[in-house]
Amino acid sequence: MDVCIFYFSGTGNTKWVADKFVEKFSYKGMDSAAHSIELLDKAQIKNLAAEARVLMFAYPIYGSYMPEPMKKFIDEFPPLHLHNEIAVICTQMMFSGDGAWFYHSVFEEKGYKLKWTYHFIMPSNVSVKVFPLPYTADQLKIKKVLAKCEHHIAKAVDNINMNIPSITGNSLFSYALGLLQRPFYKKYIKRPFKSPLKADPAECIKCMRCIQICPESNIRLIDGEIVFGTECTLCLRCYNFCPKTAILAYGVKHNKKKPTYRGPEGFDPSLIAKRKDLMDFIE
Ligand SMILES: Cc1cc2nc3c(=O)[nH]c(=O)nc-3n(C[C@H](O)[C@H](O)[C@H](O)COP(=O)(O)O)c2cc1C
């Protein structure tokens with residue numbers, strides 16, 4: 001295989017980018033595949049790393065940081081093969097500075113030198129009311145952002161196909177931007193972390209969707225109540241995909257007049273999340 005993409009995607013944007021890469025690689029006659037890291041076991045990861053020439057790691061940016069599930073995945077990644085080359089891509093709504101480059105030392109400690117890093121602007125998935133950032137759930141508007149992003153993906157595919165190295169996010173300016181916003185998010189990265197999310201008992205119908213789709217298995221039903229643990233990665237999947245918009249962020253209800261962000265059209269989080277035996281999550 002030419003390229004194997006390992007992605008973490010909270011709300012569908014990064015999955016969309018990974019799938020677009022696969023589509024565009026195929027137009028170039030390159031063999032590639034995209035895998036949700038939530039669905040892979042150790043043996044599969046080892047086989048994929050051995051089979052593929054380029055290993056691509058893709059994740060959304062959270063305050064210029066990498067999401068915890070992706071960090072764990074990279075920390076536990078098997079040793080590289082001589083034929084492996086590394087690409088890191090991140091998706092973001094606006095900027096992260098050095099979001100894709102920041103972890104180069106983590107990769108280097110494991111002996112991986114980054115050959116490609118890219119940052120792709122995608123729609124915002126931050127639809128919580130307490131952070132009054134602009135977002136849209138209108139698929140026509142979302143498609144406009146995706147069209148621009150697709151153009152950038154095509155350029156990245158050209159570089160990887162022609163084996164031309166391309167690093168973005170490693171300038172002093174990018175570093176300064178990352179440095180600027182990381183202190184605000186530092187507390188969210190530390191573990192254990194008390195999630196600012198909570199199910200509203202008055203609205204929650206205990207459908208268990210949040211438990212099923214949480215990538216960190218951080219939500220349980222205890223004594224009939226939905227309870228968040230200390231491993232939340234803030235992907236907002238539970239918040240955005242709750243059928244009753246019953247998740248409170250910092251105690252604040254979602255504005256019912258506006259739908260939450262549900263990713264590019266057709267995205268279904270249960271297809272990229274590990275299937276759980278619900279009985280393990282009920283106490
Ligand atoms: C907790 C959190 C923090 C975020 N921080 C940033 C940020 O610092 N810069 C940015 O441009 N986008 C930021 N975003 C937006 C996401 O990175 C962006 O929408 C991403 O494409 C979502 O990808 P996903 O749908 O694959 O989860 C943040 C999103 C969340 C949930």
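The points below walk through a predicted model of a protein chain and its ligand.

1. The overall division comes first. The chain is split into domain 1, which covers residues 3-186, and domain 2, which covers residues 197-281. Taken over C-alpha atoms, the centres of domain 1 and domain 2 are separated by 24 Å.

2. Next comes the place where the domains meet. Here 27 residues of domain 1 are in contact with 26 residues of domain 2. On the side of domain 1 that touches domain 2, helix H1 (13-27), helix H3 (68-75) and helix H5 (139-161) each contribute at least two residues.

3. The ligand is surrounded by 26 residues, of which the closest are Gly-10, Asn-13, Thr-14, Pro-60 and Gln-92. The elements that give two or more residues to this shell are H1 and strand E4 (85-92). The shell around the ligand holds 11 nonpolar and 15 polar residues, with no charged ones.

4. The sheet deserves a careful look. It is an open sheet of 6 strands, paired in the parallel sense, and its order is E2-E1-E3-E4-E5-E6. E2 and strand E6 (166-167) stand at the edges with a single partner strand each, and therefore one side of each has no neighbour in the sheet.

5. Strand E1 (residues 3-7) can be followed to both of its partners. With E2, strand E1 pairs in the parallel sense over 5 bridges, and Val-3 stands opposite Ser-32 in E2. The chain passes from E1 through H1 to E2, and this β-α-β crossover is right-handed. With E3, strand E1 likewise pairs in the parallel sense over 5 bridges, and Ile-5 stands opposite Met-56 in E3.

6. As background for reading a helix, an α-helix has 3.6 residues a turn, so residues three or four places apart point the same way.

7. The peptide bond from Arg-191 to Pro-192 is cis, with omega near -5°, and Pro-192 lies in the loop between helix H6 (172-189) and strand E7 (197-199).

8. Two residues other than glycine with a positive phi can be considered in turn. Met-208 has a phi near 75° and sits in the loop between E7 and helix H7 (209-213). Asp-223 has a phi near 50° and lies in the loop between strand E8 (219-222) and strand E9 (225-228). Why does Asp-223 count as exposed? Asp-223 counts as exposed because it has 7 C-beta neighbours inside 10 Å. Met-208, with 15 other C-beta atoms within 10 Å, is partly exposed.

Definitions and conventions: Residues are numbered from 1 along each chain as its sequence is written. This is a predicted model: local features need pLDDT of at least 70, side-chain atom pairs count only at pLDDT 80 or more; totals for chains, interfaces and linings use all residues. Domain bounds come from an automatic or database domain assignment. Two residues are in contact if their C-beta atoms, placed from the backbone, lie within 7 Å. Helices (H or I, at least four residues) and strands (E, at least two) are DSSP runs, numbered from the N terminus. A residue is near a molecule or strand if its C-beta atom, placed from the backbone, lies within 6 Å of it. Ala, Val, Leu, Ile, Met, Phe, Trp, Tyr, Cys and Pro count as nonpolar, Asp, Glu, Lys and Arg as charged, and the others, Gly among them, as polar. Two strands pair if DSSP finds at least two bridges between them. A crossover is right-handed if, with the strands pointing away from the viewer, the path from the first strand over the helix to the second runs clockwise. A residue is buried if 20 or more other C-beta atoms lie within 10 Å of its own, exposed if 12 or fewer, and partly exposed in between; C-beta atoms are placed from the backbone.
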